[in-house]
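Good morning, and thank you for coming. I would like to walk you through one structure, moving from its parts to the way they meet.

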Amino acid sequence: MQFDQILQYTLSGLSTGAIYALIGIGFSIIYNATGIINFAQGEFVMLGGLFTLSCLEFLKLPLWAAIPCAIAASTLVGILFERLAIRPLKQPTPINLVIITIGGSILIRGIAMLVWGKDTHSVPPFSGDTPIAIGGATILPQHLWIFAITLIIIFLNKVYFYHTISGKAMRACSYNRRAAGLVGIDVRRMVLFSFIISSAMGAVAGIIIAPLTMTAYDVGVMLGLKGFCAAIIGGMSSGLSTVIGGLILGVLESLGAGLISSGYKDAIAFIILLLILFIRPQGLFGKSNSERV
Amino acid sequence: MNIKVMNVVIAAVTLLFSANVFAAAPIKIGALFAVTGPAAFLGEPERKSAEMVVNEINRAGGVKGRKLELVVYDTSGDATKAVQLATKLIKDDRVVAIIGPSTTGETMAVIPVAERGKIPLISCSAGSKITYPVKKWIFKTAQNDALAVGRIYDYLQKTRQTKVSILTVSDGFGASGREQLKSQAAKYGITVVSDDTYGPKDTDMTAQLTRIRGSHSQAIICWGTNPGPALVAKNVRQLGIKTPLFMSHGVSSKKFIELAGDAAEGVKLPSGKVVVADLLPGSDKQKKSLMAFVKDYQKHYNKEGDHFGGHAWDAVMLIRNAVNNGASSAAGIRDQLEKTRGFAGIGGTFNYSTTDHAGLGKDAFVLVEVKNKDWMIVK
C-alpha cells in the first residue's frame, strides 16, 4: 500500500511538474533573449485555457481546431504586449522592464476578468476521462497528453535553437547582445520572436492543463510563480535543466503534501526557490559560467 | 476661490439639501460584498439580489413611505479593505445598517467596527463564530456551518457509518468547517480518521486523496467552495475511490455540477432549500419566498438564483421588516431585528432572540444528491 501511495504521489507530481516546466521554459526564453523576467508569463497560461473555452463555446469549433486558434490568439496577445509595452520603452533598464511586465500581467488579468467573468470554467478533456491504472496508481488520459506534448515541445525547442538560423541568432543574443547586433543580427526582432515563442508555449501549457485543473481569469498567478521556480531551479536554461527543475518541483510538492502535510505544499516550492537563490543562484545544474540556452 | 465658482457651489449645496427636505429622506443601508476577487461567486449574486429586492421594495412605494437606498462597496474579498469600507459606510455615508461582508474572514474583521459604530450588521457569511458568542450588533443570514455538519452526521449516523476522512480548504470557510466536523463527531459516534487540507488555489488534490484512500474511511467529507471541491470530485474519480463523497453547502450551486461534470454524480451535500425549491412539498413554509426569489432572479438576470444571493435577499427583507415595525434609527433596527420571529426567508425560517443571532434551525438544510446533473432530495 505504501508503495502504491508513493507511486501515485510521484505520478501526480510529474504531471504537474511537466506544466511547471513548460511555463518555466517560457520564462527562460524571454530572459535569455532580453535579460528580463517576464512576470506576465503566467497570464498566457490563463489566456490559452480561456481562449480554448471561447473557441469551443462561442465559435463552436471542434477541439482540434479550437486549440490552434487559442494558441494563435494568445500569441497575438504576446506580440501586442511586446510591441505596445516592451519595445516603445525609452530606457529599457531591467528594473523598468520587470515592472512593466508586472503591470502588463495585472492589465491582462483585469481584461480577462471583464471578458470571461470571474467564474471558473471547465474545458473538456482531449480523450475521455477513464482513469488508467499503472501499478497501484491511476492517471488520466489527459496526463499522458501532458507528458507527450511537453516532450514534443522540448524536442521542437532543441531543433529550433540548434538547427535553425533564427534559433542560433537568438542564442547569440543571449550570449552577447552587443556582439550579436554587430554581426548583423536584428536583436529587437529576436526579442519579438522570444515573446512569440514563450506566449505560444504558455498558451499550450494552459490548454493541456485546463481539462484537469479547470481555468479562470486568475489561474496564471500561482502557475506563473511555480513556473518561475522551475526556471530558477533549472538556472534559467531553456533546455532540459528547466524541465528537470519543473519535475523536481512537482514531485517534491506532491510528496510533501502526501507524506508530511498538505498545508505545506506551496511552502515547499518557495523554500526550494529561496534555497536555490541562496546556495546555487546559477541553478541546480549550472556551472557558474555555463551556456544559457 | 473665484466668486462665480463659489456661487455655483452654494447653489448646488442648497439644491441638495432642499431635495432632502421635500421628500422623506431615504433609509440608507450599506452593503459590503466581495464582488470581485476569489469570493466573487458569493459577492456577485449577493449584490445582484440585494439591488433587485431594494428596487422592488422602492417600486412598491418603499417602507412606510420611505425609500430604501443601498450603498454597495466591493471588498474584493480582502479583510483590510472591508474594514476601511465599513468605516466609510458608517462615518461618511451614515448608513443605519450594514449587509455583508460575504466571507467569514472579512466579517470577523469588520465586527469591531460595527460594534464601535453601534450599527447593526447582518453578515452574509456562514462561520459559526460570527454570532457565537452573541454580539449585540451582529446578526447573520447564512446558515451556520454547524447545522450543515449536523445534517451530514445525521445521515451518516442513520446509515451506520462511523469512520470519516475530512479534506478542508485552508481558508476561513474550510477552517470553520474543519473545527465543526471535528468537534461534533463524538456526539454522533463518529471518528475522524484522517484530516487533510488543501490550498484555495491548488490544482491537484490527488496527494491528499491518496492518503485518504489509505485510511479506510467510510465517507469522505470535503469542505470548500468552488472550484476546489470540483477538483476533489474529479480526483476521487480518477483515483477510483469508491468511498461516498460528501461536500459542504459551499458548493450547492449548478456551477459545481457544471465544473465537476460526471464526477459530481452521487455526491451528497447539505444545501439551503433554494436549489430544490420546486421539489419541496407545498406545505413547506419557505416555499413561497423561495419561489418568489427564484422567479424574480430569473426575470432580472436570466440566471438561476442561488442561496448566496438568498443571504442578501434575507438580510434586506429582515431590515425592511424591522423598519416596517417602526424602527428607523440604527438602534431601533437592531432591537426590531432581535424580535424577528418565524420569518420564512430563503436561508430558512428565522427566529432571532437575545441569545441567538443566527436564527436558524437544522431544518434550514436538506441533504441533496447529484443525479443526472441535477439535485435530488435525499430522503
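Let me start with a term: domain bounds here come from an automatic or database domain assignment. On that basis, chain B is split into domain 1 (25–143 + 288–361) and domain 2 (146–277 + 365–377). Please note that this is a predicted model, in which local features need pLDDT of at least 70, side-chain atom pairs count only at pLDDT 80 or more, and totals for chains, interfaces and linings use all residues. Residues are numbered from 1 along each chain as its sequence is written, while chains are lettered from A and ligands numbered from 1 in the order in which they are written.

The C-alpha centres of domain 1 and domain 2 of chain B lie 28 Å apart. Their contact takes 22 residues from domain 1 of chain B and 20 residues from domain 2 of chain B, where two residues are in contact if their C-beta atoms, placed from the backbone, lie within 7 Å. On the side of domain 1 of chain B that touches domain 2 of chain B, helix 10 of chain B gives the most, with four residues. Helices (H or I, at least four residues) and strands (E, at least two) are DSSP runs, numbered from the N terminus.

Next, the sheet. In chain B, five strands form an open sheet in the order 2-1-3-4-5, with parallel pairing; two strands pair if DSSP finds at least two bridges between them. Strand 2 (68–74) and strand 5 (138–140) of chain B are the edge strands, each pairing on one side only. Strand 1 (residues 27–33) of chain B is joined to strand 2 of chain B by seven bridges, and A31(B) stands opposite V72(B) in strand 2 of chain B.

Which helix of chain B runs at about 175° to strand 1 of chain B? That is helix 3 (residues 79–91) of chain B, which lies across strand 1, strand 2 and strand 3 of chain B. Axes are lines fitted to C-alpha atoms, for helices over the stretch in contact, and angles run from 0 to 180 degrees between N-to-C directions.

Let us turn to chain A. Helix 3 (residues 63–86) and helix 8 (residues 187–213) of chain A pack at an angle of about 140°, with their axes 8 Å apart.

Finally, the two chains together. Their contact takes 23 residues from chain A and 30 residues from chain B. Helix 1 of chain A gives the most to the side of chain A that touches chain B, with five residues.
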